[in-house]
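User: I would like to go through a structure with you. Could you look at it with me?

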Amino acid sequence: MSRISPPETAADLAAVAALLEMADRLGIVPLLERGEPVTVAELAVAADVPEEGMGNFLSALVAAELLVPTGVKEFRIADDFADRIYQSGYLTWSLRANQPYLQNPAAFLRDPAGAAAQYQRNGREVAVSSRWIGSQGFYPAATEAILAARPKRIVDLGAGAAGLLIDLLGRLPESSGVALDMSAGACQEAARAALAAGVGDRLEVVERPIQSVADDPAPLAGADVIHAGFVFHDIVQEGDIFDRVLRRCREALRPGGIMAITDSVPYASAERERRFSALFTYLHAGFMNVKLPPEEDWLARFRQAGFDQAQCVPHRFPGGRLFIATK
């Protein structure tokens with residue numbers, strides 16, 4: 001009598017992540033994520049590859065149950081496609097986006113500053129993998145808070161590929177947004193994704209570091225909501241600059257506006273969080289010279305910046321927290 005073996009979880013996750021990374025490199029993930037049936041020809045044109053080759057690749061996605069045939073050379077995403085994207089995000093962020101760190105640990109242990117100057121991450125890879133994780137890991141909490149505010153103007157600092165803003169603008173047809181990021185690759189991806197989603201005319205992409213708003217807060221003007229996702233921990237230790245950015249954000253917000261910071265606390269100890277939080281905390285401390293502040297420190301900085309009140313909301317993302325401050 002034969003027995004059905006349980007799923008090989010690690011093998012499944014690795015295979016799906018690899019296939020989805022190829023789909024991302026081909027530029028077809030946004031078309032698939034719309035959930036509408038698409039043809040081999042449409043995807044081949046989008047990727048600028050031969051139709052036969054695209055057909056072979058899509059056959060692999062069907063075999064992996066990422067796509068479902070809906071007609072002759074026509075497909076739609078499987079019902080769990082969004083879950084697969086989310087799960088793959090952890091692998092691509094950990095193993096791909098942080099590859100320069102994983103491949104050169106000895107160099108960082110010997111000379112952290114010299115290694116950091118020599119080995120740098122690819123901004124686009126960080127942005128895309130973060131968007132995949134954020135789709136379920138931290139965007140839902142931020143999305144709920146922002147939608148409840150009914151904003152007309154949303155600014156996202158360190159927006160990466162602008163996944164959160166694009167989703168929000170799709171739900172708020174009367175709203176506009178500003179996606180600010182220092183990575184040229186991430187900004188290019190944000191502009192492309194916004195056009196593909198039909199919100200390009202309402203999204204302004206600004207290629208600038210967050211620190212620049214301390215002296216030139218023009219991109220913040222008229223905001224009802226200012227969000228920052230997993231980027232403020234990069235400048236929190238810059239002391240005066242970080243505090244000035246927070247104050248500029250408060251000053252720019254309209255009365256009753258909110259600032260929502262999505263970030264992490266160090267070495268979260270809950271069982272569901274502890275392993276990924278350990279990796280996330282160590283990579284930032286050991287390779288990026290970033291020491292994540294504990295929850296009470298985040299709340300104290302808001303109060304110092306003059307916000308009337310601030311609260312903390314846990315994320316699904318291990319170690320992630322949403323800090324919401326009201327003007």
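User: To begin, is phenylalanine 317 buried or exposed?
Analyst: The model is a predicted one. In it, phenylalanine 317 has a relative accessible area of 3%, so this residue counts as buried, the cut-off being under 20%.

User: And tyrosine 90, buried or exposed?
Analyst: Tyrosine 90 counts as buried because its relative accessibility is 16%.

User: How many aromatic pairs are there in the whole structure?
Analyst: A search finds 22 aromatic pairs. One of them is formed by tyrosine 90 and phenylalanine 317, and this pair is stacked, with 6.1 Å centre to centre and 15° between the planes.

User: Where do those two residues lie in the chain?
Analyst: Tyrosine 90 is in helix H5, whereas phenylalanine 317 is in the loop between strand S9 and strand S10. They are 227 residues apart, and the pair links distant parts of the chain.

User: What about phenylalanine 230 and phenylalanine 280?
Analyst: They form an edge-to-face pair, at 5.9 Å centre to centre and 75° between the planes. Phenylalanine 230 lies in the loop between strand S7 and helix H13, and phenylalanine 280 in helix H14. Both residues are buried.

User: Which residues do ring pairs link into a cluster?
Analyst: Among them are Tyr86, Tyr90, Trp93, Phe230, Phe280 and Phe317.

User: A new topic: where is glutamate 125 found?
Analyst: Glutamate 125 is in helix H9, residues 123–137. With a relative accessible area of 15%, glutamate 125 is buried.

User: Which side chain joins that of glutamate 125 in a polar contact?
Analyst: That of arginine 96, at 3.3 Å. Leaving aside neighbours within four places in sequence, glutamate 125 is in contact with Arg25, Arg96 and Ala97.

How values were computed
Residues numbered from 1 in each chain as written. Predicted model: local features only at pLDDT ≥ 70, side-chain atom pairs only at ≥ 80, totals over all residues. Heavy atoms only, no water. Phe/Tyr/Trp six-rings, centres within 6.5 Å; stacked < 30°, edge-to-face > 60°. Helix = DSSP H or I, 4+ residues; strand = E, 2+ residues; numbered from the N terminus. Buried < 20%, exposed > 50% of the residue type's maximum accessible area, 1.4 Å probe, protein only. Polar contact = N/O pair within 3.5 Å; in protein donor to acceptor, adjacent residues only side chain to side chain. Contact = heavy atoms within 4.5 Å.
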